[in-house]
Every structure is written in C-alpha cells, then in structure tokens.
Protein chains: 2
Amino acid sequence: MEWKEGGITAAKGFRAAGMNAGIRPGKTKNDLALIVSDSLCTAAGLFTRNKVKAAPVLLDIETVKSGKAKAIIANSGIANACAPHDMENALKMQKAAADALGIDQAEVLVGSTGVIGVDLNVSAIENAMPELISLLSDEASGSDEAAKAIMTTDTVKKEQAVSFELDGKTVTIGGISKGSGMIHPNMGTMLCYLTTDCAIDAMTLKKALKEVCDVTFNRISVDGDTSTNDSLIILANGTAGNTPVEEGSADYDIFKDALKSLCTDLARRMAADGEGAKHLITCKVSECESEEKAELLAKSVIGSSLTKAAVFGCDANWGRVLCALGYSGADFDPLKTDIAFVSEAGCVPVCKDGKGLAFDEDLALKVLQEAEVIIDVNLHEGNEEAICWGCDLTYDYVKINGDYRT
Amino acid sequence: MEWKEGGITAAKGFRAAGMNAGIRPGKTKNDLALIVSDSLCTAAGLFTRNKVKAAPVLLDIETVKSGKAKAIIANSGIANACAPHDMENALKMQKAAADALGIDQAEVLVGSTGVIGVDLNVSAIENAMPELISLLSDEASGSDEAAKAIMTTDTVKKEQAVSFELDGKTVTIGGISKGSGMIHPNMGTMLCYLTTDCAIDAMTLKKALKEVCDVTFNRISVDGDTSTNDSLIILANGTAGNTPVEEGSADYDIFKDALKSLCTDLARRMAADGEGAKHLITCKVSECESEEKAELLAKSVIGSSLTKAAVFGCDANWGRVLCALGYSGADFDPLKTDIAFVSEAGCVPVCKDGKGLAFDEDLALKVLQEAEVIIDVNLHEGNEEAICWGCDLTYDYVKINGDYRT
C-alpha cells in the first residue's frame, strides 16, 4: 500500500471540480463541489445519527438505497437544514446536477454544510452548473478545488489517496473531507467523499465502510457536537478491472486495510484541524478487557474540556485525564491505571497505579509543545486497545464559535 | 418561606470559621474551613459517581453511614485525590479536627478541592487547628469566611439560607457551596455543605437530599467534567425544636420545598459562576412526554460547546440548540419543536415546527446580552418539563484551564 497524490481524482475514471457559486453574498471562497464518475458506481453511505437530519442527508439516505450513484454535488456556507424550503432545495440541487451532467436524478448524491436554519440560495447553484461542469478535471487540481469548496472553518484542505495491488491490478482509493467544528461523528462524519476504481458490490462496500468508519471517523471529536449533516459516502466504479471484491475474502481484507489507512489519515487531519486547535490529541487506551471499553475511555478523555484546555496550556495536568476516565461510565480499577504523556519530544510517565509520580516538568512541557500529544493510558487488565483523536480547546475555538453566523 | 442572611450559621446551634492555613505556598486566600454543630446531628451525604473518588469522598461515604456527625473540615488548593498518601492524609485531617474539638473522630466529615495528584500538606492543617477553633463564630461572618475557604476558581462566594414554619417552630436551612470548573455533578456536586436546625432522622434527611439534588445540583453543568470530589452534605441538629419530620408527612413536603429552593439558588449561582462565564444559561424544555426526557434534552443543550460559545458571542444561533436536542439520545419530533430565546430584555421566537423563523436581530442581541439567557424549548407532545442550568464558553474558561496548576 502506498500513499498517492490526487485525492478524489486519484482513482481512475473520476473527475472533480470546485468553484465559488455565490452561496453566501460577499464570500469569494469556493463553495460548490462536483464529483463525477465516468461510469455508474456502486455506492455506500453512512449518515449522522442526530435525530435532526439535514434535508440532503434525508435525500441521500433514500438515494443510496439503490446502491448506485454516479455523481456527488456539495456546497458549503448553508447547511440546508431546518430551513423552510430545505427538502425542496435539496431536490432542486440534485436535479440541477443531473440535468447538467445528462444523467438520472436518482444517480446524484447531495451534500451541504454551513449555517443551520437558513434557506439555501439554490438558484446560485443552478446558475453555476455550466461553469462547474466545464471545470471538471481528472487531475489533482480537480480534487483540490472540490476539497476547498466543502471547507467552512477548516484551515487546511483534507485530501489523501492510497493505492495497492488486488488480483494483479492496481486499485486506488482517494478522498476529501471537511470538518472542524460540530465534530463528534456518530456514524459517518461531517462531510467525507471517497472514490475508488475498485470493483466491489454495494453490500460489501457498505460493510467495509461501516467497519472502517467505526474505528476512524467515529473515534474523533472536536467539541462533542454531533452535526445534523454528517455524511460519509464512497463511490466505486470498478475501472481498476480487478475481480470484484467479496466479503470474507483475502481481497476484502486488503481493500479494508487500505480504506482504514485512508480514513484514519483523513480523520486525524480533521481532529488536528479542529476549530482553533493547536494540538492533535491522541488518546490510546491499552491492556483493556475489551475494545469497546477502551474506546469509551479514550473518547471520554479526548472529549474532556478540562483535558483539552490543559493540553492547550501545555500543562501536564494528568488528574483531569484520570478524572475523565472515571466519569466515562466504564468499569475499571483506577488503582491499576498508568498514564503517560508522549510525543516526538519524549515520554513522561505521570501516574502509576492511580497515583501521581514525580516527573520532570521541563521535559513534560517539551512533550506537550509538540503538534501531536499522545495520552497513553494502560489499564493492566487485558489485551485490547483503542485509539481516539481530538484536539485542544483554545481561545480561537471560542472566537470562531462566538460569532460564526456573522 | 423566606430568604435569610447568614449562610451556614443561619440555623441555630452552628458555628463556622475559615482562614488561610498555607495549604499552597504563597497563596493568601482562605483555604481551610470548619463547620461545627453544638450538638450531635443527623447527617446525610451524596457523593460523586465518578469511578475515581478522592480520599475524603471515600472516607465520608463510610463516616456518613452512621447517620451522625458533628463537624465538617474542608480545604481548598489540593483535592487530596490520586496522591501517594491521600487516605492517610484524609484520616489525619479528620483526627486533627476531632482532637481540636474534643469530639469523636467518627463525627467529623472531611472535604477537599483543588489540584488532583498532589499530596496534601496536612501538617499545615494540623498547625492551623488552634487558630481555626478560636475563629469559630455563629455570626454571618463565620459562614462568610468558611465559604471563602472552599473557593478555588470561583469568583463569588456562594451562601444562602431560608427559614420557614414547621409545627409552630421556625426552622432554618443554610448552605455554602463552591464550584466553578469540573462541574457536571452526578449525585452531589463539587462541595456543598448545608446545615439545619430541623429535627429529622437520617433516613428521611437522605431521602429529601437525594430528591432535591436530582432536580437542582444534578441539573447544572459548566464543562461536562464530573469531578472526583463532588460532595453534598447536610447536618441537622434538631435545635429548632419541631416534632421530627417524617417521610410522607405534610412537614416533609414543607421541608423538602424549602431545601429545594435553597439548593436551586445555590446551583444557579454555581452555574452562573462557571469558570470564565459571562452568562447563566437556563434551558427549559416543556410540553414533553416525561420529565426524564425533558431533562436529557435540556442537559444536552446546556452541555453543547457550540451553543455555549454562541451565547458568549450573543449570537442567536438556534440551529445549534436544535442540533444539541437532536444528538441528546432522546426520541422527539424535530418538526414539532419550537425554540425561543428569553431574558429580561424580551422574548424572541426563532424556530417554529423545526424551521427557522425570521426574527429581529437587534432584539435578539439585546435578549442575549442579559446576564441570564433562557432557552425555551417546547415539544408540543405532553405535559412534563425540566429546567437545567449551565453557562457560556468564554476565552476566560480556556485561560483559567490552560494554566490551572501554575
């Protein structure tokens, strides 16, 4: 398996584009993205479990039931959620893309992200379609522009691709994602679109996507807020020419491993670019009885406002970590628990058997000043582990979210 | 029922004191509190459900089983949790108070709040006992000094008292509490000590305390972090001379109502003084099928980082409120949900049947600039309601918690 350039256009037979369509007056950044496959794809999607679902999510849940799709159109700026004409506009957006591409409306998936409760200026999207189509490209630039178009408060675009051998053929999976605030995915994540030229049926694709999502996007949190618009979609057009991947085969494992690597990378980028974040916080809980329990514990740590603020302040305040483990709801023995802070600058054990250790504060400061801080928790009770990712809580998070609408 | 001055010394037969004992070098604020009853009290306590419990909490859980106590000693600065000699020091603290007061060690309850993982300088407490005893007073000043001594990042001391007639006698309940960060009580709260001269047995006292705690302290959150040290303790010395209150009687209801008013007042003060807070956020969910569901929904709203940051920015971003309702785990119909922002400056309906309403942004700004902002949610599905309290997320929260240990 190797990393590749090109994001969403790295896999054969996919084109993408992004542009400014004027979704929000006065903004000049790209706000409309289009991803198209040259041939019909098998498709799978995972969506927010928030009881309040945006119109494009409700529409995509229906569309993806066929297991087929050919294109994705997505905008940023307006979430098209809880607005007077939300479903009407989602359907108009779907139709605009279908008409411009000359394909069936049921083959188009739709995504939106941005402010909730405001009607989408769908005529801006309709008017932009001819130009958007003309910009479609199978080069890396196509992916770049699409990745930029789905960004909101993101400070960096997130795209990545991997390729690997399957059945003697080179198979590629690529993706773009966005997400910076309201990030606490629960089935799917903010917006993430993946393309692959792998031949694989829709059922198997969905299974792999679900298994991978559970240990990647569902293990990150920026602020504990599960969005109304979370969508993770994958299109597979089979252009690689491999024998179709079947569940339970060695090929399935290879495909899933590559997909997991890709999604881990994108998930980590999302957490690291959490609104206002200065640090990526990785919490690894090991030697646990079960993976489920390890995940529950690790999620509690990365979700703790006090732990997040301490990492921002480069303060080795491990008591907050132990406290967060304690209120996670998981059953464990605090008096067997060890905690260390780890980064490229070194490793500082701070707690042994639930009690504080004397430690070198200068080294701890250096460790916590690195871009990625690993909080290493060992329960000494079993053989399972889980890793979750979050980010620190900073002044900028408050700033960004104190006046998001303005 | 009427409000009274005097906090924890308002009830007859209680004295209190507070002083600086030098728990943390270089700090001059009060850090040691003592509360003493002239006669033996019935006692009840509720403590954190965090799996990680501080030594004083573990000790008090045992002590309070007898249903009897005469004094409470508490320090701020060091939490006496997860430290090498935590239980040893809790016992020494208990003994120091008992010896100085000439009472049985088993009649002393112990509390600590502050940094986790650091050994308590218990000799400072032992050395301070003679002076602390000499400062004991049944005047309001005694309560004031004790209230100050349990403060950490609190910006205001919290004390209150109520009196009411029971059986022809005047009964008083008073209390002091502290809590500003790591506030998300789950059975009990940070530190809250209540005294009453009511005659009431320990079982009945505990029942009333539990029922009241569930709808007061257990309905506030500052940051979602449930502390290792949460303790809510009440001492009742019977000095009022009323016929002992029995469960199920009219007197029980009168006592419980007064206790609830007192605890609501103290809980609201804690939420309003949440670390860095500029606003008290009150979320009321009404016309709900059940109180439990209404509480789950209201807690999700006051716990949402995005909603909290929006209130800080005086931004009527109701989409975040609906989003938080949606990920609460409660089953409800978003398309029947109404939301309004309410304060002393007016009322602004922002969402009707799950869709955004046009509203006056200038009025909304005025409403959100008030010290208490009420988020009024109506589900139109039943007759139950619940109110929860939180605070906004501000730069100062991040500042306070970025370098708490230093």
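1. Helix axes here are lines fitted to C-alpha atoms, for helices over the stretch in contact, and angles run from 0 to 180 degrees between N-to-C directions. Helices (H or I, at least four residues) and strands (E, at least two) are DSSP runs, numbered from the N terminus. The model is a predicted one, in which local features need pLDDT of at least 70 and side-chain atom pairs count only at pLDDT 80 or more, whereas totals for chains, interfaces and linings use all residues. Residues are numbered from 1 along each chain as its sequence is written, while chains are lettered from A and ligands numbered from 1 in the order in which they are written.

2. In chain A, helix H5 (residues 202-215) packs with helix H6 (residues 250-272) at an angle of about 45°, and their axes are 9 Å apart. That angle makes H5(A) oblique to H6(A), given that angles under 35 degrees count as roughly parallel, over 145 as roughly antiparallel, 65 to 115 as roughly perpendicular and the rest as oblique. The crossing of H5(A) and H6(A) is right-handed; a crossing is left-handed if the near helix is turned anticlockwise from the far one by less than a right angle, and right-handed if clockwise. From H5(A), the contact is made by Thr204(A), Ala208(A), Glu211(A), Val212(A), Cys213(A) and Val215(A), and from H6(A) by Tyr252(A), Phe255(A), Lys256(A), Leu259(A), Lys260(A) and Cys263(A), two residues being in contact if their C-beta atoms, placed from the backbone, lie within 7 Å. By class, this contact of H5(A) with H6(A) has 8 nonpolar, 1 polar and 3 charged residues, where Ala, Val, Leu, Ile, Met, Phe, Trp, Tyr, Cys and Pro count as nonpolar, Asp, Glu, Lys and Arg as charged, and the others, Gly among them, as polar.

3. The residues in contact are Leu297(A), Ser300(A) and Val301(A) of H7(A) with Val321(A), Ala324(A) and Leu325(A) of H9(A), and by class they comprise 5 nonpolar, 1 polar and no charged residues.

4. The contact between the chains takes 51 residues from chain A and 52 residues from chain B. On the side of chain A that touches chain B, helix H8 (305-312), helix H9 (318-326), strand S13 (355-356) and helix H11 (395-402) each supply at least two residues, and H9(A) gives the most, with 7 residues. By class, that side of chain A has 26 nonpolar, 18 polar and 7 charged residues.

5. H8(A) is largely enclosed by the rest of the structure, because 8 of its 8 residues are buried; a residue is buried if 20 or more other C-beta atoms lie within 10 Å of its own, exposed if 12 or fewer, and partly exposed in between, with C-beta atoms placed from the backbone. The buried residues of H8(A) include Lys308(A) and Phe312(A). Just after H8(A), Cys314(A) takes a positive phi of about 50°.

6. In helix H10 (residues 361-368) of chain A, the buried residues are Ala364(A), Val367(A) and Leu368(A). They cover an arc of only 90° around the axis, which puts them on the same side of H10(A); the arc is that of the directions from the helix axis to the C-beta atoms. The buried residues of H10(A) pack against H8, strand S11 (338-343), strand S12 (346-352) and strand S14 (372-378) of chain A.

7. In chain B, Val367(B) lies in helix H10 (residues 361-368) and is buried, with 23 other C-beta atoms within 10 Å. Not counting residues up to four places away in sequence, Val367(B) touches Phe341(B), Val342(B), Ser343(B), Ala345(B), Gly346(B) and Val348(B). Phe359(B), in the loop between strand S13 (355-356) and H10 of chain B, is partly exposed, with 17 other C-beta atoms within 10 Å.

8. Two backbone angles in chain B deserve a look. Most residues other than glycine have a negative phi. Asn80(B), in the loop between strand S4 (68-78) and helix H2 (86-101) of chain B, has a positive phi near 50° and counts as buried, with 32 C-beta neighbours inside 10 Å. His380(B), in the loop between strand S14 (372-378) and strand S15 (384-391) of chain B, has a positive phi of about 50°, but counts as partly exposed, with 13 C-beta neighbours inside 10 Å.
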